[in-house]
Amino acid sequence: MGGTPTDLKLIDENGRRLDGRLPDEMRPLKIEAGVLSRADGSAYVEWGLNKVMAAVYGPRECHPRHLQNPERALVQCNYNMASFSVDDRKRPGPDRRSHEISKIISEALTHVVFTEYFPRTSIDVYIEVLQANAGTRCAGLTAASVALADAGVPMRDLVASCAAGKVADTVVVDLAKEEDNFGQADIPLGYVPRTGEIVLLQMDGDLTSDQFNKGISMAMEGCKKVYEVQRDALKRRYEVRSAGTELEVLGAAPAKEGM
Ligand code: CDP
């Protein structure tokens with residue numbers, strides 16, 4: 001959020017945004033499930049110029065043991081931005097922002113995972129942002145929930161995530177980088193379509209209560225679109241698995257006999 005450079009028009013005279021989108025239009029979204037063979041579950045998301053990978057391990061014994069909960073599993077998320085994911089090289093390693101995002105994504109996922117089935121265990125979720133262009137926490141949460149489903153972790157539903165915000169006094173969905181930088185507000189949302197629950201909600205900037213309500217409903221509509229793409233990715237993954245063509249589809253040559 002910040003002052004707009006005077007020559008930057010975030011909404012033009014036709015009501016279009018910098019990248020030509022209308023206020024309720026989202027950036028293109030692609031999701032692929034099961035892209036990593038070493039992890040128990042994985043997903044890759046391209047959302048506009050964002051590129052995000054998520055991998056899941058577990059449920060497995062929780063270490064250190066003093067963190068174990070005798071009644072349920074811990075969902076522990078680690079969000080990391082690669083140094084090369086942003087314009088100015090990002091200093092490697094955790095910082096306040098990545099701790100915050102890891103925490104809110106862990107909490108959002110804890111709401112949908114049947115943690116009570118796996119006492120004393122940890123379900124570890126790694127989110128790596130390879131390329132960032134605003135909305136990486138939404139892309140990360142979206143990828144993580146597909147990766148959990150790919151790992152076979154029992155869940156009430158997927159969490160779908162999408163942001164809304166305000167630019168040039170207009171409420172818009174799915175902010176891109178310039179809109180995030182020079183806009184007036186950003187509201188990332190995590191939504192569980194089956195139950196209608198909101199499991200992640202943050203707000204940065206100023207909105208009237210009408211604008212806030214409009215933003216929430218736009219973000220929810222966005223989440224419903226994200227949910228369809230998540231489900232399609234999992235259906236494709238299931239078809240590949242049941243056809244037994246997994247190795248070829250994932251680009252690895254099947255092992256040869258007698259070598
Ligand atoms: O990515 P998200 O919108 O969830 O989080 P943000 O903190 O609002 O960051 C918005 C965008 O700023 C990121 O997606 C990156 O494109 C950029 N950013 C950056 O360039 N360098 C950082 N150290 C952090 C964020």
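1. Let's start with Cys138, which is buried (under 20% relative accessible area with a 1.4 Å probe, protein chains only; exposed would be over 50%, and partly exposed in between), at a relative accessible area of 3%. Cys138 belongs to helix H2, helices being DSSP runs of H or I with at least four residues, numbered from the N terminus. Its C-alpha atom is 7.4 Å from that of Gly190, a residue 52 positions away along the chain.

2. A word on the source: this is a predicted model, where local features need pLDDT of at least 70, side-chain atom pairs count only at pLDDT 80 or more, and totals for chains, interfaces and linings use all residues. Residues are numbered from 1 along each chain as its sequence is written, and side-chain values use heavy atoms, without hydrogens and water.

3. Now have a look around the ligand, where the residues include Met81, Val86, Arg97, Lys177 and Asp180; to be near, a residue needs a heavy atom within 4 Å. The shell is made up of four nonpolar, three polar and four charged residues, with Asp, Glu, Lys and Arg counted as charged, Gly among the polar ones, and Ala, Val, Leu, Ile, Met, Phe, Trp, Tyr, Cys and Pro as nonpolar. Helix H2 (136–150) and helix H3 (177–182) each provide at least two shell residues.

4. Finally, some distances to ligand oxygen atoms: 2.5 Å from a polar side-chain atom of Thr136, 2.7 Å from a backbone N or O atom of Gly135, and 2.8 Å from a polar side-chain atom of Arg137.

How values were computed. Polar contact = N/O pair within 3.5 Å; in protein donor to acceptor, adjacent residues only side chain to side chain.
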